[in-house]
Each structure stands twice: as structure tokens, then as C-alpha cells.
Amino acid sequence: MSDRDPLLSALDTVPDPVTGKGLVTSGRASAARLEGSRADAIVDVAGLAAGDRAALESAARAALLAVPGVTEARVLLTADRPARRIVAIASGKGGVGKSTVAANVAVALARMGRKVGLVDADIYGPSQPRLFDAHDRPDAKDKIMFPVPTRWGVPILSMGQLIEPGKAIAWRGPMAAGALSQLVDAHWGDTELLILDLPPGTGDVQLTMIQKHRPVGAIIVSTPQDLALIDATRAIDLFFKADIPVIGLVENMAGYACPHCGEISDPFGQGGAEAEAQALGLPFLGRIPLARGIRSASDAGTPPAAGDDADAAPFRAIAERLDAWLNPSPSPVF
Ligand code: ADP
């Protein structure tokens with residue numbers, strides 16, 4: 001048996017103040033070693049209030065000192081944020097299906113085994129609680145919120161969970177961005193990817209959010225008509241100016257899927273986003289038809305991407321492209 005095991009076992013007897021599980025089990029303590037009779041350990045205290053940090057340090061030290069042969073113990077606290085990446089979902093205007101795309105791409109990624117959470121920053125119309133049927137008010141400790149778990153493996157935080165239903169939020173600019181930041185800086189635990197459903201448009205709130213939280217990339221959602229009105233182009237511009245890569249464009253409500261035969265007709269025309277993406281040199285991530293099933297499942301709080309029918313397919317394809325962008329496979333060496 002190596003020297004480490006008794007130290008880690010001792011650290012694991014100390015409960016994590018957030019999860020209640022042992023420090024090793026919950027991932028806070030991962031390194032410990034014995035130098036003669038001195039035990040050294042590193043404990044990650046990210047997200048903890050100062051009081052909790054101090055209590056944890058002394059509890060960890062006491063646990064180490066209880067190990068036979070240890071006469072001195074040093075506990076190094078680190079507050080390194082876990083390597084969590086944010087992907088923003090944006091649109092030039094409201095009603096194009098941005099929230100629907102954000103929710104369903106998140107669900108599809110969770111089904112692929114990714115640890116994904118969702119922040120609904122759409123202050124003007126926070127729709128994620130309805131899309132996920134998750135209306136509970138989030139718990140908080142020391143003013144830091146806990147995301148609300150959902151049935152589809154995607155924890156969410158939304159302004160809609162914090163305000164009374166039907167009440168509009170009158171905040172503007174910095175105040176809104178400040179409130180929204182608390183949703184991002186929450187106890188996201190081992191969540192590796194946060195999908196950030198931005199408010200529609202290209203105002204101060206959007207700019208502040210992307211400058212502050214630096215998404216690794218953005219997906220722009222538009223309808224075929226929206227592109228003609230250049231709203232989507234403005235959204236693309238916002239990310240270019242902030243130096244955030246646009247992962248690609250999604251065309252939503254592109255053609256109408258007949259609920260009887262599945263045939264897709266094009267009352268609004270389609271292909272606009274793909275042509276626009278090409279003209280701008282941006283990837284095109286996929287096209288989602290206007291489908292009655294997508295709307296009814298969304299309204300019922302069961303994201304269509306959680307199913308296995310035709311309504312799930314376009315969201316899954318987009319999620320796979322996003323995943324490939326985020327986790328490129330290493331190029332062959334020869
Ligand atoms: P946004 O976030 O851009 O304001 P939403 O995602 O809230 O838009 O969508 C607006 C409405 O359109 C919702 O009722 C939603 O269910 C519906 N919707 C979105 N995409 C589709 C689609 N592809 N087919 C049918 N209905 C859709």
C-alpha cells in the first residue's frame with residue numbers, strides 16, 4: 001500500500017460543506033503525500049464562503065493529524081475554478097426559437113453523456129422553466145445558488161425561477177447583467193459545459209454577459225425571414241467584436257413538417273441561413289423544421305430532443321456538431 005492511501009481515506013472522512021460527501025469522493029481533495037512525518041494535502045475550496053474555507057482547512061488538518069505517524073499537517077487551499085466552458089446561444093430578435101434550440105441541444109448533449117447545465121439569461125422572456133417543467137425556486141447557501149435538477153439530466157438556473165410568474169423584469173444594463181451573473185457563478189459542481197441562453201438582440205446586457213463570462217463560442221439561431229431583416233447578422237457582429245468565435249448558424253422554422261406525412265414544405269423559403277453562413281465563412285450547424293410536435297412537446301415541458309422520433313433528430317445532429325467543435329478528435333499523426 002502506498003503512503004497516500006491512509007491520508008486520502010482520512011480526508012474522505014471530512015464532509016464537503018456543499019455535497020455532504022467526503023472531500024475525496026466529492027472531488028475537493030485529490031492530492032496528499034507524506035514527507036517523513038509531515039502530511040501535505042491540497043483542497044479545492046472554489047465556490048465556498050470564507051468561513052467554510054477556514055472550517056474546512058482545520059477539519060482537513062485534524063483528519064490528517066489523526067493518521068498514525070503524522071505529527072505535522074499542511075493543507076493548501078486552492079480556488080481554481082473547474083475547467084468549465086460556456087457556449088452562448090444568441091439571436092438577433094425574439095421568437096426565432098433560440099430558447100428551444102438551447103434547451104434541446106443541452107438535452108441531446110446530456111444524452112451523449114456530457115455533463116451539461118443551462119443558464120437561462122433571457123430576462124425578457126425566461127422560458128426554460130417551462131421547457132424543462134422545472135419551476136422550483138433554487139436553493140442557495142451563502143447567497144450562491146444551486147442549479148435546479150431536471151428529469152433530462154440538465155440542471156438549470158433561470159431568472160424565471162426567481163421571479164413570480166407573469167411578472168416582467170424591469171432591470172436594465174448593469175443591474176440585469178449583475179443578477180444574471182449569479183446564475184453563471186452558481187454551484188455548478190462537476191458540470192463541464194454551460195449552455196447560456198442569452199436574451200434576444202444585441203444590447204448592453206448581452207455585451208456585458210459575453211465580456212464577463214467569455215463563452216468559448218456562440219451559436220446564432222435565426223429563421224429564414226430573420227436573415228432577410230439582418231437581425232442575425234447584427235448578433236454575429238456582436239461576437240466578432242468581442243472576439244468570441246461563432247461556432248455556427250442554426251436555421252430554425254425552416255420549412256413546415258406535415259404532422260401527417262412528415263413532408264416538409266417551405267412557406268417562408270429555406271436555405272437562407274446556409275447561404276448566409278457560407279457568405280460569411282461560418283459553419284452551418286443545421287436546419288430545424290417548423291413542426292407541430294416540437295411546439296407541443298416544448299409547451300408540455302418535455303424537450304423533443306429527449307425522444308427518439310423525427311422531432312429529436314435535428315437537435316441531435318446540431319449537438320453532435322457542437323460536441324465535435326468543443327472536443328475535436330486528435331488529428332492522425334501520420
Ligand atoms: P426565442 O427563445 O427565440 O424567443 P422560443 O424558443 O421561445 O423563441 O420559441 C418561440 C415559440 O416557437 C415557442 O412557442 C416554441 O415552442 C415555438 N418553436 C420554436 N421552434 C419551433 C419549431 N422548430 N417548430 C415549432 N415550434 C417552434
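**Ligand site and selected loop residues**

1. In this predicted model, a side-chain N or O atom of Thr 100 lies 2.5 Å from an oxygen atom of the ligand. Thr 100 is also listed among the closest residues around the ligand, together with Gly 95, Gly 97, Lys 98 and Ser 99. The ligand is surrounded by 16 residues.

2. A polar backbone atom of Pro 289 is 2.9 Å from a nitrogen atom of the ligand. For Ala 291, the distance from a polar backbone atom to a ligand nitrogen is 3.0 Å. On its own the ligand has 570 Å² of accessible area, and the protein covers 84% of that.

3. Which pocket does the ligand take up? The space taken by the ligand is the second largest pocket. Helix 3 (98–111), strand 11 (246–257), strand 13 (284–291) and helix 10 (292–299) each give two or more residues to the shell around the ligand. Strand 13 provides the largest share of this shell, with four residues.

4. Is Gln 161 buried or exposed? Its relative accessible area is 3%, and because the cut-off for buried is under 20%, Gln 161 counts as buried. Gln 161 belongs to the loop that runs between strand 8 (156–158) and helix 5 (173–184).

5. Leaving aside residues up to four places away in sequence, Gln 161 touches Pro 129, Ala 134, Asp 136, Arg 137, Pro 138, Val 148 and Ile 156.

6. Asp 133 sits in the loop between helix 4 (128–132) and strand 6 (140–141). Its relative accessibility is 39%, so Asp 133 is classed as partly exposed.

7. Arg 214 is not a glycine, yet its phi is positive, at about 40 degrees. The loop that holds Arg 214 lies between helix 6 (204–213) and strand 10 (217–222). With a relative accessible area of 41%, Arg 214 is partly exposed.

Methods. Residues numbered from 1 in each chain as written. Predicted model: local features only at pLDDT ≥ 70, side-chain atom pairs only at ≥ 80, totals over all residues. Heavy atoms only, no water. Buried < 20%, exposed > 50% of the residue type's maximum accessible area, 1.4 Å probe, protein only. Contact = heavy atoms within 4.5 Å. Near = heavy atom within 4 Å. Polar contact = N/O pair within 3.5 Å; in protein donor to acceptor, adjacent residues only side chain to side chain. Areas by Shrake-Rupley, 256 points an atom, 1.4 Å probe, with all protein chains shown as cover. 1 Å grid on protein atoms, 1.4 Å probe; cavity = no way out; pocket = protein on both sides within 12 Å on 5 of 7 lines; lining within 4 Å. Sits in = over half its atoms within 2 Å of the grid points.
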